[in-house]
Amino acid sequence: MNHLDGVALVIVVASFLIVTGIGFAAARWRPAEDPMHLNEWGLGGRGFGTFVSWFLLGGDIYTAYTFIAVPALVYAVGAAGFYALSYTIMVWPIVFVFAPRLWSVARARGYVSPGEFVRGRHGSQGLGLAVAATGILATMPYIALQLVGIESVLTVLGIGGNSSNIVVRDLPLILAFAVVSAYTYLAGLRAPALIAFVKDTLIYVTVIVAILYIPSRLGGWGHIFGVSAAHLSTVNPATGKPYGNLVVLPAGQWAYATLALGSALALFVYPHAATGVFAAKRRDVIRRNSAMLPAYTLVLGLIALFGYMARAVPAVNAGVKAGHGNAQLSVPLLFSTMFPSWFAGIADAAIIIGALVPAAVMSIAAANLFTRTIYKELFRPYASPAEETKVARLASLLMKVGALGFALELNKTFSINLQLLGGIWILQTFPSVVIGLYTRWFHRAALIFGWLAGMAYGTIEAYRTSGGGQAHFGASASVVFGHTTYIAITALVINLAVSAVLTVVFRWFGLQDGYDETRPADYVADPEPARAPSPARAPSPARAPSAAPAPSAAPAAAQPPWPAAPPPPAWKAEPAADGRASQVSADWWSLDQAMAEAPAAAPGPPAAVTEATAAAKDATIEFDIPDALAGRPQSRERLPRRK
Amino acid sequence: MVRHASPTKSPVIKAVVAFMLAVAILGALWVPIYAHVEPKLGAFPFFYWYQLILVPVTAILCWISYLLLRTRPARQHRRAPQPAARDREGVWR
């Protein structure tokens, strides 16, 4: 299987070069006035509409590793591998419910990562740090697994593989990753967003062709299911039990359901998924996408069936045996045996590019988390946007190097174990992030202890499970009260129980809770993307509040979410500054602030208004606290976060 | 120019949306209802074709929910494009 397939290789290399060109060109796509801002580099300017978001989220969530690992699981154990399908079915209704709230609050408060939201919502640096650290820890092995996906394709193509020299063996992988790192560094989230178009087109073409073409060559679906059923019912000599089943047996149903539910709940607290959500232009974009992204789920379901197809091809079974029983080779082998070289090349390119997109988004997401929640919070509270962007770029490089180290130096199973742990860990941030979107009933300290308890239980329990020839980290489910349950779900229940009990205890003792910097209206805010003011006029892009906005803004300006005194006449009389009325937005918060500041800010000539307000805003930044402070002690941890 | 996804949707609409989304989630979560071989669709055991059909069903339920909860009229999405319409500073920083 290690003969070099020239045609396929040429096609793979050519697509890689095309994608590289797109990646570098992405830096000029929808150019920003101020590229050195984290909103630009890290979130693509927060301007992606339904169409781009669909590609980006789809390209980001349905990773190459999924496309390799899910059919590999189906190939090995049958129906149990289909939990991935039921998980990606139920994830969209769940996302439909909470993701719009997360988007709104992030937009209203300028958050770029879930860690920041948690810090702001619960008024707790510690909790924000916990969420950020969990996110980074869970993301790193995930990136490494994308490399594992690429590696299995390269092995089948006949590159690398057998050489004992680590540099020769892994040179293609290192080269590919270096190139990806370079354009991610330059273009930020715009690069994976553009490349996702290529990736997804290739994936859809491959899957549609494969699903129509391969079964006819294998003698139809009846034969495919027949062969698989026969294999799954034979006894595995290692365990003394059958390999698996064509349908989940009653004993496995609880594990199947909890695995699906746990993965679905965890998906959108993963930083890379949150990044995809934050980059959307409007609130509606997310809901519409939760109705459109199931298209990828369908593709995933069809790809899972590749596992059965691979089982029905004797050459694939022989190839997998020759590769030390590595089931992850089954799909690339299926392509290379069933397709002519040129189409196998396209399919392999789909997998490789499919690994690059999520790897780039993940490294950006982790970099955003690091920059805002760790670097800025702990070391440089007054960091300028340009400095943030610089740090984030470097952090994304570091993440990639770290992941490469994981993939090359450490045993492959170690990455897979860590990925398994990552899923368990990331779900432990669910109470702080998702439940925090709805209620602040939980005490911030209780949430930290709950998180610790969940992390500890999950790690220990995962360590104790054996299976698949491993003494530890053998499986993701363990037996609880007679039911085999996904460890992450058990850990989440423990997490919630500890948080709830401690919340009651802490409240009883009157332990101080954090200060919530968000407002109820933030969670339903749907701001129109504001136009950037021209740099010549306004040194800082402050929004000058205007009581005479463009007609389209009038209804919103007239109805702030709570009753408020009418704006002072001075503002009302303000003529629209040389026709730029539509550029100044009357966001309710700035309107509100203008009211508070109006006595202080003497109305000047129109040209000076923007700057005057900006200055006044900066000088009196603490004024947004009082009305909401009623009855709530102010946290000592509240940092002056704005310059 | 802020708009709010109005929280004033009627409770009936909210209940309908909650019901539809619950159906979509439970349809996948409740494994015993679909862990069977029969009835087959072609060569496909029920377990497989049920889940594959549930995917578009979920998508349609989400789309109806989106239409029910939508707050701004559809044509507003097709206003003149705003190439520079991006938020440089986050909002309120």
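1. Let me start where the two chains meet: H5(A) and H1(B) are roughly antiparallel to each other, a label given to angles over 145 degrees, with under 35 called roughly parallel, 65 to 115 roughly perpendicular and the rest oblique. The angle between helix H5 (residues 83-109) of chain A and H1(B) is about 155°, and their axes are 8 Å apart. Axes here are lines fitted to C-alpha atoms, for helices over the stretch in contact, and angles run from 0 to 180 degrees between N-to-C directions. The crossing of H5(A) and H1(B) is left-handed; that means the near helix is turned anticlockwise from the far one by less than a right angle, while clockwise would be right-handed. Helices (H or I, at least four residues) and strands (E, at least two) are DSSP runs, numbered from the N terminus.

2. A word on what you are looking at: this is a predicted model, where local features need pLDDT of at least 70, side-chain atom pairs count only at pLDDT 80 or more, and totals for chains, interfaces and linings use all residues. Residues are numbered from 1 along each chain as its sequence is written, and chains are lettered from A and ligands numbered from 1 in the order in which they are written.

3. Who touches whom at that chain A to chain B packing? From H5(A), A:Ser86, A:Ile89, A:Met90, A:Pro93, A:Ile94, A:Phe96 and A:Val97 meet B:Leu21, B:Ala24, B:Ile25, B:Ala28 and B:Leu29 of H1(B). Contact means that the C-beta atoms of two residues, placed from the backbone, lie within 7 Å. Have a look at A:Ala260 too: leaving out residues up to four places away in sequence, A:Ala260 touches A:Tyr83, A:Ser86, A:Tyr87 and A:Met90, plus B:Ala28 and B:Leu29.

4. A:Ala260 and A:Met90 turn up again in the largest nonpolar core, which has 211 residues; together with A:Ala304, A:Met309, A:Leu334, A:Ile353 and A:Leu356 they touch the most other members. The largest share of this core, 21 residues, comes from helix H17 (residues 341-379) of chain A. A nonpolar core is a set of buried Ala, Val, Leu, Ile, Met, Phe, Trp, Tyr and Cys residues joined through C-beta atoms within 7 Å. Buried means 20 or more other C-beta atoms within 10 Å of the residue's own, exposed means 12 or fewer, and partly exposed is in between, with C-beta atoms placed from the backbone.

5. H17(A) also packs on helix H18 (residues 385-409) of chain A, at an angle of about 125° and with axes 8 Å apart. That angle makes H17(A) oblique to H18(A). The contact includes A:Phe370 and A:Tyr375 of H17(A) and A:Val391 and A:Met399 of H18(A). This crossing of H17(A) and H18(A) is right-handed.

6. Helix H21 (residues 444-464) and helix H22 (residues 487-509) of chain A cross at roughly 150°, and their axes come within 7 Å. H21(A) and H22(A) are therefore roughly antiparallel to each other, and H21(A) passes H22(A) in a right-handed crossing. Among the residues making this contact are A:Trp451 and A:Tyr457 of H21(A) and A:Leu492 and A:Phe506 of H22(A).

7. Strand S1 (residues 477-480) and strand S2 (residues 483-486) of chain A run antiparallel and are joined by 4 bridges; strands pair if DSSP finds at least two bridges between them. A:Ala477 stands opposite A:Tyr486 in S2(A). The two strands form a hairpin with 2 residues between them, and A:Phe481 in the turn has a positive phi of about 50°.

8. Which part of chain A is largely enclosed by the rest of the structure? Helix H12 (residues 271-278) is, because 8 of its 8 residues are buried. A:Phe55, in helix H3 (residues 50-61), is buried too, with 22 C-beta neighbours inside 10 Å. A:Phe55 lies 7.0 Å from A:Ala193, C-alpha to C-alpha, although the two are 138 residues apart in sequence.

9. Overall, chain A has 27 helices and 3 strands, and 56% of its 643 residues count as buried. Chain B has 93 residues, 33% of them buried, and its elements run β-α-α from the N terminus. One local point for your list: the peptide bond from B:Glu38 to B:Pro39 is cis, with omega near -10°, and B:Pro39 sits in the loop between helix H1 (11-29) and helix H2 (46-69) of chain B.
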